[in-house]
Amino acid sequence: MDAQTEKAIESAEGTTLLRALGCIGPEKDFLNPDDLAHAFLGDRYKRFLKLYKFFPSFFLKVLERRAPGNFWYIYSRTVFLDNALSEAIKAGVEQVVILGAGYDTRFYRFERDLKGIPCFEMDFPGTQAAKIEALEQAKMPKPDNLVFIPIDFTKEELGETLFNHDYNPALRTLFIWEGVCMYLPKETVHEVLSFIKQNSAPGSFVAFDYIRHSAVNENDLSGYGVSEVVAHAKNINEPLLFGFEPTTFKEDIKSLGYDLKIHLSPQGIRAQILKGLKIKESSLNVECAYLATIEATG
Ligand SMILES: C[S@@+](CC[C@H](N)C(=O)[O-])C[C@H]1O[C@@H](n2cnc3c(N)ncnc32)[C@H](O)[C@@H]1O
């Protein structure tokens, strides 16, 4: 396995671990909805998960020291993007694409609601192969309407790859882009958004998260957990390459052909998604990560 594949799998497994832990505790009213995440963990993380069940508060303290704010950010991101999918289903979405899917379980958790709707998961070939193997081991058969598409967004044409797998640009589509755009060069992020804008029906959405640009370029590392996020990405040799600036986000995506539908800052995430959580206010979620849903204006 090459180094890039190993990094990508590790990175996907890291967020999956946080979802699996979050599904167990520490607060019963704020459990991560991803109750299938555990199926994708390797032995090392499975052992961790077992111990966590008995001592969640202790393990959370350890996690919080290593990656401040990440646990509750990942909880918030899962809830936000699950909501985006639920809303899209209610509104009659006709096609769903998950870009950089890693161990995303949405096509399994929402299988019944998505019956008959074409669904695509795109990811690095190595990450996707590891996921398919984990699915086989967990005896989770692939839903009939799901197509796995291996791709390197920086090297292959998104459009050509999707069209080769029967993607239909005439359908109202939801694109989920979770924990991915920060690792891509700016040109690739713009190419992806430009393709979606030109090749999806009116009423198509992109739901995703991004990191504040001033944190990515290290001009402003203030805020809870921010310097740790940037340092961690460097340490594991998966540097952050791209960010939007939140103050100009609305205009920036407008110039790419999108209308802003929902935009949550770290404060907005605390007020809307984490409201009522009995954890001290200053240490809830990492303060450079934003959640957004944007609509392709066609
Ligand atoms: C942090 S993981 C997030 C995975 C998943 N979306 C989640 O939230 O758990 C980043 C994902 O982006 C994928 N990725 C990163 N760069 C990519 C590229 N150039 N082409 C395709 N996939 C890429 C990785 O394989 C990995 O699955």
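## Helix 1 against helix 6

Helix 1 and helix 6 pack with their axes 8 Å apart and at an angle of about 50 degrees, where axes are lines fitted to C-alpha atoms, for helices over the stretch in contact, and angles run from 0 to 180 degrees between N-to-C directions. Helix 1 is therefore oblique to helix 6, since angles under 35 degrees count as roughly parallel, over 145 as roughly antiparallel, 65 to 115 as roughly perpendicular and the rest as oblique. Helices here are DSSP runs of H or I with at least four residues, strands are runs of E with at least two, and both are numbered from the N terminus.

This is a predicted model, in which local features need pLDDT of at least 70 and side-chain atom pairs count only at pLDDT 80 or more, while totals for chains, interfaces and linings use all residues. Residues are numbered from 1 along each chain as its sequence is written.

On the side of helix 1, Thr5, Ala8, Ile9 and Ala12 meet Gly126, Thr127 and Ala130 of helix 6, two residues being in contact if their C-beta atoms, placed from the backbone, lie within 7 Å. By class, this contact of helix 1 with helix 6 has 4 nonpolar, 3 polar and no charged residues; Ala, Val, Leu, Ile, Met, Phe, Trp, Tyr, Cys and Pro count as nonpolar, Asp, Glu, Lys and Arg as charged, and the others, Gly among them, as polar.

With helix 2, the axis of helix 1 comes within 10 Å and crosses at roughly 20 degrees, so helix 1 is roughly parallel to helix 2. Glu13, Leu17, Ala20 and Leu21 of helix 1 make the contact with Tyr45, Leu49 and Tyr52 of helix 2, and these residues divide into 6 nonpolar, no polar and 1 charged.

## The sheet and its helices

An open sheet is formed by 7 strands in the order 3-2-1-4-5-7-6, with mixed pairing; two strands pair if DSSP finds at least two bridges between them. Strand 3 (146–150) and strand 6 (258–264) stand at the edges with a single partner strand each, so one side of each has no neighbour in the sheet. From one strand to the next, the twist averages 20 degrees.

Strand 1 (residues 95–99) and strand 4 (residues 173–177) run parallel and are joined by 4 bridges, and Gln95 stands opposite Thr173 in strand 4. Helix 4 (residues 70–90) lies across strand 4, strand 5 (205–211), strand 6 and strand 7 (289–296), running at about 170 degrees to strand 4. Helix 6 (residues 125–137) also packs on the sheet, where it touches strand 2 (119–123) and strand 3.

## Around the ligand

Of the 22 residues around the ligand, Ala8, Gly100, Gly102, Thr127 and Gly179 come nearest, a residue being near a molecule or strand if its C-beta atom, placed from the backbone, lies within 6 Å of it. Helix 1 (residues 3–22) gives the largest share of this shell, 5 residues, and the shell as a whole divides into 10 nonpolar, 8 polar and 4 charged residues.
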